[in-house]
Amino acid sequence: EHGFARVLARSAFRFHRMPKINERVEWVTTEWKAESWQFVRDYKVKSESGELLVSGLSKWLLTDFTTRKILPVKAILPYRKLNSVPFDSGEISCGKILVPDALEKIGEEKIMRSHLDGNNHTDNAFYGAFIKNSLPAELAERPLIEFRINYSKELLLGETVEIFLAKTGENRQVVVGKKNGEVAFASELAF
């Protein structure tokens, strides 16, 4: 309406217990006090009894819809009030993921029309699918405990993203997507 769009910059999720088929859950999300250049939102998925199943955190950027230029959060102030409650991130972080030098190519994906969102770039949900589809079977079949992702460059229709993998610790892997040799996204998985 005012020429702004919010784009997801980073997110992180911890899976305390995966919901079961047909289990009723409650999804709670809160927007916290914004940082200079990022909106902060947390997520909690709980069972009917209140057991925490999934916790998450995301950071969002404000952009000019036409130019795609990143704007400071204060640009939206004439149109909406910002939450002033400070956020305590607690145990989860969606900070910068370091990309290792030694990466093994494990796949690639061509961006199709069905991958696009309303901003005509790849919908955030597809990045997880690209990652999962590229993982070796021994990793893809293991239960995921944590998932973090940083988005660096948008993926557009017709582009190809190459997917790379590196083991960074016991039960930890970094998966990187590159377009034209530059990092488009970096994710960290803990099993």
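This is a predicted model: local features need pLDDT of at least 70, side-chain atom pairs count only at pLDDT 80 or more; totals for chains, interfaces and linings use all residues.
**Strand β7**

Let's start with β7, which spans residues 146-151. Six of its six residues are buried, so the strand is largely enclosed by the rest of the structure. The cover extends to both faces: Glu146, Arg148 and Asn150 are buried on one side, and Phe147, Ile149 and Tyr151 are buried on the other.

The strand also has two pairing partners to look at. With β1 (residues 4-15), β7 forms an antiparallel pairing over five bridges, and here Phe13 has Phe147 as its bridge partner. With β10 (residues 182-190), the pairing is again antiparallel, over six bridges; Glu146 stands opposite Ala190 of β10.

The largest pocket has a volume of about 450 Å³. Closest to its centre, among 22 lining residues, are Val7, Leu8, Thr63, His121 and Glu154. Strand β1 supplies the largest share of this lining, five residues, while β1, β4 (52-64) and α1 (124-134) each give at least two.

The second largest pocket holds about 390 Å³ of space. Its 23 lining residues include Phe15, Tyr127, Gly128, Leu144 and Phe147, the closest to its centre. Helix α1 gives the most to this lining, with six residues. At least two residues each come from β1, β4, α1, α2 (137-140) and β7.

Here is how the two linings divide by residue class:

How values were computed: Residues are numbered from 1 along each chain as its sequence is written. Side-chain values use heavy atoms; hydrogens and water are left out. Buried means under 20% relative accessible area, exposed over 50%, partly exposed in between (1.4 Å probe, protein chains only). Helices (H or I, at least four residues) and strands (E, at least two) are DSSP runs, numbered from the N terminus. Two strands pair if DSSP finds at least two bridges between them. On a 1 Å grid over the protein atoms alone, a cavity is a set of points where a 1.4 Å probe fits but cannot get out, and a pocket is an open set with protein on both sides within 12 Å along at least five of seven lines; lining residues have an atom within 4 Å of a point. Grid points are joined across faces, edges and corners, and a volume is the space filled by probe spheres set on the points.
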